[in-house]
Amino acid sequence: MPLNSKKTATISTLLLVIFLESLFACNTRQGDAKSKSLYVSKADSLQIHELADKYRQGNETFQMKCAACHNAPEKHFTDDYVFNNLFNRLPKPSEDYFIRFIKNSKVLKASGDDYALRLAELWNSNYDHAFQDSFSDKELDNLIFYIKLAIKQNHRERQMCGR
């Protein structure tokens, strides 16, 4: 990983930790006088760092296996952006569908899956995701976590900037 990418990853992880700590601080010990302060317990801190690591690992998986064809989910370039409301648009349960689609979209299309067929038509593409042997379960779990959080961060930033 180039030095600039490592700096960016470190800064992103640090910002994520701060973001997660602020969420936990607001929810820790509700109803207690300390809930009004920025109190974060050691257990919360450990969980925050685990989530930050999960995000970092998901980002690394995305960069290694997805970035050649897809822009990162925290970036927003057009209104037809593939990650906008991704897990809200996918057939339910959306995480399971995402995994099946990534592992082998050709099988979904061949089975007559309406959503997979509509995507191919919408994007005017015959490309098929065929990564059944490329992702571990942990990588897929981290990737989904990364995408969901990156989408949420992007949405929050866009709201704050009035875009």
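Contact means heavy atoms within 4.5 Å. By this criterion, and leaving aside neighbours within four places in sequence, tyrosine 146 is in contact with Tyr55, Gly58, Asn59, Phe62, Gln63, Ala72, Pro73 and Glu74. The model is predicted: local features need pLDDT of at least 70, side-chain atom pairs count only at pLDDT 80 or more, and totals for chains, interfaces and linings use all residues. Residues are numbered from 1 along each chain as its sequence is written, and side-chain values use heavy atoms, with hydrogens and water left out.

Confidence is given as pLDDT, the predictor's score for each residue, from 0 to 100. The chain has a mean pLDDT of 79. In all, 66% of its residues reach 70 or more. Helices are DSSP runs (H or I, at least four residues), numbered from the N terminus. Confidence is lowest in helix H1 (residues 3–27), with a mean of 59. It is highest in helix H4 (residues 94–110), at 96.

Tyr146 also belongs to the largest nonpolar core. Such a core is a set of buried (under 20% relative accessible area, 1.4 Å probe, protein chains only) Ala, Val, Leu, Ile, Met, Phe, Trp, Tyr and Cys residues joined through side-chain atoms within 4.5 Å. This core has 25 residues. Those with the most contacts inside it are Leu86, Phe98, Leu143, Tyr146 and Ile147. Helix H6 (137–160) gives the most, with eight residues.

H4 also meets helix H5 (residues 114–122). Tyr97, Phe101, Leu108 and Lys109 in H4 face Tyr115, Ala116, Leu117, Leu119 and Ala120 in H5 through contacts.

Conventions. Helix = DSSP H or I, 4+ residues; strand = E, 2+ residues; numbered from the N terminus. Axes fitted to C-alpha atoms, helices over the stretch in contact; angles between N-to-C directions. Buried < 20%, exposed > 50% of the residue type's maximum accessible area, 1.4 Å probe, protein only.
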